[in-house]
Amino acid sequence: MAQPQPGIIPAPSPCALFLILRVHEPAVNGPAVAKVAAQVPTLVKKVGASDRRAKLLCTVGFGSEFWDVVSPGRRPASLRPFKAIEASGRSAPSTGGDLLFHIISRRHDLNFELAVRTRNLLGGTVEVMDEVHGFRYLDSRDLTGFIDGTENPKGSERAPAALISDEDPDFAGGSYVFTQRYVHNLKHWASIPQKEQEKVIGRRKPDSKELSDRAKPPTAHISRVVIEENGEELQIVRHSFPYGTVSESGLFFIAYSKSPDIPEKMLSRMMGTSDDGLHDHLMDYTQAVSGATFFAPSLNALKMLGKMSRAF
Ligand code: HEM
């Protein structure tokens with residue numbers, strides 16, 4: 001299979017930086033932007049060379065419309081913009097974005113250095129829509145205090161969950177990326193007892209042990225996102241991070257999958273738009289303020305975009 005971009009499969013690093021950009025006048029600036037995007041793997045090597053143990057990596061994703069500009073006539077079979085969801089006072093907005101840079105390493109300073117250099121190369125062709133600096137919180141907990149990542153696919157399970165393979169051979173090694181920035185209402189969350197919080201998540205708080213089937217309500221987060229189809233559980237590879245300040249904080253949710261249908265189905269069950277009409281009670285304590293789908297081409301396809309842009 002074509003080599004994926006190197007940040008998708010490794011287990012999460014302690015520091016992340018997420019940059020979502022809009023491209024001005026894509027028809028004019030598209031080729032120049034594609035050229036910079038294609039140079040990112042080389043830039044990562046340069047910046048990362050100052051401390052290889054920091055394991056600096058970056059994944060580049062393209063929004064659906066911008067992909068058509070940089071790769072006219074050749075698009076991944078399921079690439080489309082994320083459709084906003086509204087249901088009984090709950091909302092998952094679609095805010096879009098043309099480019100995603102998902103930077104991870106063991107050092108915030110190197111993440112920042114890479115982000116600044118990339119942004120400077122793009123100059124006036126882009127504007128920053130969202131920039132989120134994520135940090136590992138305690139022993140990999142979300143700011144709700146629950147361990148996040150317990151049931152993330154591990155080892156050899158990760159590539160089949162995250163990467164396109166034979167179902168779309170032209171784009172094998174690529175991945176669909178779903179992002180949402182959530183702002184938590186931690187005051188509201190802290191107002192309910194730990195036993196209630198555990199019913200909202202479906203796991204015990206200290207050790208992430210799953211509640212028994214009897215104790216776990218169908219509205220628990222994990223009851224909503226565990227979906228079986230044809231005897232198999234639908235899988236995504238999550239790289240989410242807590243972020244924020246004392247004034248506003250939450251989770252930057254990001255998941256890689258071989259099809260955008262998978263996170264969308266999970267989200268629909270969370271928001272209360274699936275057949276059973278139930279919603280994820282975690283959504284009563286947090287609000288999504290952004291949402292977008294991107295395509296992260298294989299490493300080779302990313303490098304090719306730079307070459308193709310010379311022909312424009
Ligand atoms: C505020 C946003 C969210 C928070 C705080 C959150 C937190 C958590 C926590 C604490 C767990 C349990 C531990 C684990 O297995 O990782 C979990 C599991 C999971 N979450 Fe979320 N999550 C959020 C949003 C989402 C979204 C938007 C999706 C999908 C679109 C999702 C998909 C999953 C999946 C697939 C699991 C694993 C379930 C299992 O196999 O047991 N989460 N999440």
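Before going on, some housekeeping. This is a predicted model, where local features need pLDDT of at least 70 and side-chain atom pairs count only at pLDDT 80 or more, while totals for chains, interfaces and linings use all residues. Residues are numbered from 1 along each chain as its sequence is written, and side-chain values use heavy atoms, with hydrogens and water left out.

Now, the overall picture. The protein has nine helices and 14 strands; these are DSSP runs, H or I of at least four residues for helices and E of at least two for strands, numbered from the N terminus. Its radius of gyration is 19 Å, close to the 20 Å that the globule rule gives for 312 residues, so the protein is as compact as a globular protein of that length. That radius is taken over C-alpha atoms, and the rule is 2.2 Å times the number of residues to the power 0.38. Along the principal axes, the C-alpha atoms fill a box of roughly 60 × 40 × 35 Å.

Of the 312 residues, 54% are buried. A contact, for me, means heavy atoms within 4.5 Å. Taking contacts between residues at least 6 apart in sequence, 78% join residues at least 24 apart.

As for charge, there are 38 positive and 36 negative side chains, and the centres of the two sets lie 7 Å apart. Lys and Arg count as positive, Asp and Glu as negative, and His and the chain ends are not counted. Each charge is placed at NZ of Lys, CZ of Arg, CG of Asp or CD of Glu.

Which residue is the only protein donor of the ligand's iron atom? It is His-221, through NE2, at 2.1 Å. Donors here are N, O and S atoms within 2.8 Å of the metal (3.2 Å for Na, K and Ca), and water is not among the atoms, so sites may look incomplete. His-221 sits in helix 7, residues 221-225.

Gly-202 lies in the loop between helix 6 (194-201) and helix 7, and it is buried because its relative accessibility is 0%. Beyond its neighbours within four places in sequence, Gly-202 touches Glu-210, Leu-211, Lys-216, Ala-220 and Ile-222.

Helix 7 also turns up in what covers the buried residues of helix 8, along with strand 3, strand 4, strand 7 and strand 12, among others. Helix 8 spans 261-271, and its buried residues include Ile-262, Met-266 and Met-270. After helix 8 comes Gly-272, with a positive phi near 90°.

Back to Thr-118, which is in helix 3, residues 108-122. Leaving aside neighbours within four places, its contacts are Val-36, Val-40, Leu-43 and Phe-101.

Finally, two loops. Most residues other than glycine have a negative phi. Ser-88, though not a glycine, has a positive phi of about 45°; it lies between strand 3 and strand 4 and is exposed, at 71% relative accessibility. Asn-230 is not a glycine either, and its phi is positive, about 50°. Its loop joins strand 8 and strand 9, and Asn-230 is exposed at 82%.

Notes. Buried means under 20% relative accessible area, exposed over 50%, partly exposed in between (1.4 Å probe, protein chains only).
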